[in-house]
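Student: I'd like to go through this one with you, a few questions at a time. Can we start once it's up on the screen?

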Amino acid sequence: MAESSQRLQALDALRGLAACGVMLFHYVPYYDELYGHDFEPWSPLWYGRYCVHLFYILSGFVIFMTLERTPTAGWFGLARAFRLLPALWVGILLTSLSVYFLGPIDRGVTPIETLWNFTLLHEYLGMHPVDGAYWSLVVEATFYVWMAVLFFGLGKARLRSVFWVWVAVSYAGVLFWKQIPDGLDFLVKDLLFVKYAPLFISGMLLYRWHHHGKPPVSERVLLVLAMAHCLFAYKAPFNGFVLGCYGVFILAITGYLNFLANRVLLTLGSLSYALYLVHQNIGYGIMDLAYDAGLPGPVGVALAITTALTLAFAIHHGVEKPALRWFRNYRRNAMAQPARTPVPEQVSSR
């Protein structure tokens, strides 16, 4: 049991590393492409863009675990809402204020767009995100909706057939991306998110293997196909990086990366969601401010990282944890309620 727990902690550590990879990508090479640094960015940091894909594999693994422990779709939806929304709403407010006062000007959105960001429906309505990193949250939330419908609607036994179809559609979607008819564009690219769905499916299949033992051959073939999808969905050499993420993930769940479960990386893992929410545009504003003050670019990057980590720490401890604690207490009390309800007295048959 302790070893299994340590393996899951290694996944938390990977989550922290992935968040840092995304942050460094945005702060160094991507900022340089958008606005220009006064130093030459380290080119391997471009791979940080694809650390989001590791998040998706992790989500598939963890969500299947959550689904098996949740009695109804309603409770699943509430659990996901309390996990995502309170921190997101605070992140939206902080990012909006930062862009308003610090810039960059081209990162601003209208008040209406800001309000729609609170619902995570902005992408579907063609509106701009408050922060560019929020695109992945829309995919994540759409995945949650699908899983609630499929798991509680069709049942776990039928999921494998759905996964086969979804992986097949994902292959067709990425191979014929430019030939997708306009009438199917929204369904295939957005609702079925064919560039990313096999990442989630792979995570779920890896969870089944990890938790329930060696699966049948058909499921192992499906896992291989889902993992190989990345070779067609993304350009080289980044597709190789995503494939490497699978390798690292498998090493973690099989116990070979338990050494990652140290205090520093586990702390980063706990801050990863909040860090993801507040790092990009706020960091850009801090770096712009540093450049305006005549500071070297690396100093501005360091200040942005420090600011993002500080805000993430505050959101995690001041918003995320209290919201989840309140919800878990509420759920525990609600589920215990029938047991406390007095049973009507029955007339003895004797």
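Student: Which residues does L154 touch, leaving out those up to four places away in sequence?
Tutor: L154 lies in helix 5, where helices are DSSP runs of H or I with at least four residues, strands are E runs of at least two, and both are numbered from the N terminus. Contact here is heavy atoms within 4.5 Å. With residues up to four places away in sequence not counted, L154 touches V149 and V162.

Student: What kind of model is this, and what is left out of the side-chain values?
Tutor: It's a predicted model, with local features needing pLDDT of at least 70 and side-chain atom pairs counting only at pLDDT 80 or more, while totals for chains, interfaces and linings use all residues. Residues are numbered from 1 along each chain as its sequence is written, and side-chain values use heavy atoms, leaving out hydrogens and water.

Student: Is L154 buried, partly exposed or exposed?
Tutor: Buried means under 20% relative accessible area, exposed means over 50%, and partly exposed is in between (1.4 Å probe, protein chains only). L154 has a relative accessible area of 37%, so the label is partly exposed.

Student: How far does helix 6 reach from its first C-alpha to its last?
Tutor: Helix 6 covers residues 159–175, which is 17 residues. The expected span is 1.5 Å times one less than the number of residues. That gives an expected 24 Å, and the helix comes close to it, reaching 24 Å.

Student: Why are the buried residues of helix 6 on the same side?
Tutor: The buried ones are L159, F163, W166, V167, S170, Y171, G173 and V174. They sit on the same side of helix 6 because the arc they cover around the axis is only 165°. That arc is taken from the directions from the helix axis to the C-beta atoms. What covers these buried residues includes helix 2, helix 5, helix 7, helix 8, helix 9 and helix 10.

Student: Is H122 buried or exposed?
Tutor: H122 is found in the loop between helix 4 and helix 5. Not counting residues up to four places away in sequence, H122 touches W116, N117, M127, H128, P129, Y134 and V138. Its relative accessibility is 0%, so H122 counts as buried.

Student: What is omega near for the cis peptide bond from A236 to P237?
Tutor: There's a cis bond from G103 to P104, with omega near -5°, and P104 is in the loop between helix 3 and helix 4. P237 is in the loop between helix 10 and helix 11. For the cis bond from A236 to P237, omega is near 5°.

Student: How many salt bridges does a search of the whole structure find?
Tutor: A salt bridge is a side-chain nitrogen of Lys or Arg within 4 Å of a carboxyl oxygen of Asp or Glu. One of them joins D12 and R15 at 2.7 Å, N to O, with both residues in helix 1 and three residues apart. A search of the whole structure finds six.

Student: Which residues are joined with R160 into one network?
Tutor: The side chains of R208 and E219 meet in a salt bridge at 3.0 Å, N to O. R208 lies in helix 8 and E219 in helix 9, so the pair ties together parts eleven residues apart in sequence. Through salt bridges that share partners, R160 is joined into one network with R208 and E219.
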